[in-house]
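Below are some questions and answers on the pocket, the core and the confidence of one model.

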Amino acid sequence: MKIKTTVGRIFKTACICFTLAVYVLNAFKAAISPDSALNLSFGLLSGFLVFGALLGLTNSLLDRSKLEGIVKRVIHFFATCANLFFSIGFLGGYLIEDPMSNSPISLPNKILYFFISYVVIYFVFVGVGAIVKMISNKSKEANAEYESVLSKRK
């Protein structure tokens, strides 16, 4: 794969992740308290953008590798977890202890909730991706069967 194509895929993933994260957070915030506007800090927005870029880089590197499917998935899971903790947890400031914060949640509990949320969201995305792939493969198989029947008639 060319460098230009790889960089393009990384930026595409970064933009999609960033946009989805901002809109999903805005939708959750509007559902919880419709009167307040979403106030995302610059650090958190930067964290989302870094997360998307590193996710695209991880995907590109794993696409090039010649590893087995399950090994790729496990590496992707842990690399994405480390990416999320670094980019959103630390760069975004979520997992940094703030003495001025009035949050009743302690830092170890924040880390635990953050990890549980990551696991749930990761497996939802993996499940949706698997369903989409399965439907796509079935439609390709159906088209291939249809084309093979037509080619026999000629």
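Q: Which residues lie nearest the centre of the largest pocket?
A: The model is predicted, so local features need pLDDT of at least 70 and side-chain atom pairs count only at pLDDT 80 or more, while totals for chains, interfaces and linings use all residues. Residues are numbered from 1 along each chain as its sequence is written, and side-chain values use heavy atoms, with hydrogens and water left out. A pocket is an open set of points on a 1 Å grid over the protein atoms alone where a 1.4 Å probe fits, with protein on both sides within 12 Å along at least five of seven lines; lining residues have an atom within 4 Å of a point. The lining here has 46 residues, and nearest the centre are Cys-17, Phe-51, Leu-55, Ile-121 and Phe-125.

Q: Which helix gives the most to the lining of the largest pocket?
A: Each of α1, α2, α3 and α4 supplies at least two lining residues; helices are DSSP runs (H or I, at least four residues) numbered from the N terminus. With 13 residues, the one that gives the most is α4.

Q: Which element has the highest mean pLDDT?
A: pLDDT is the predictor's confidence in each residue, from 0 to 100, and the protein averages 78. Among the elements, α4 has the lowest mean, 77, and the highest, 88, belongs to α3.

Q: Which residues does Phe-85 touch, not counting residues up to four places away in sequence?
A: Contact means heavy atoms within 4.5 Å. With that sequence limit, the partners of Phe-85 are Phe-90, Leu-95, Ile-111, Phe-114 and Phe-115.
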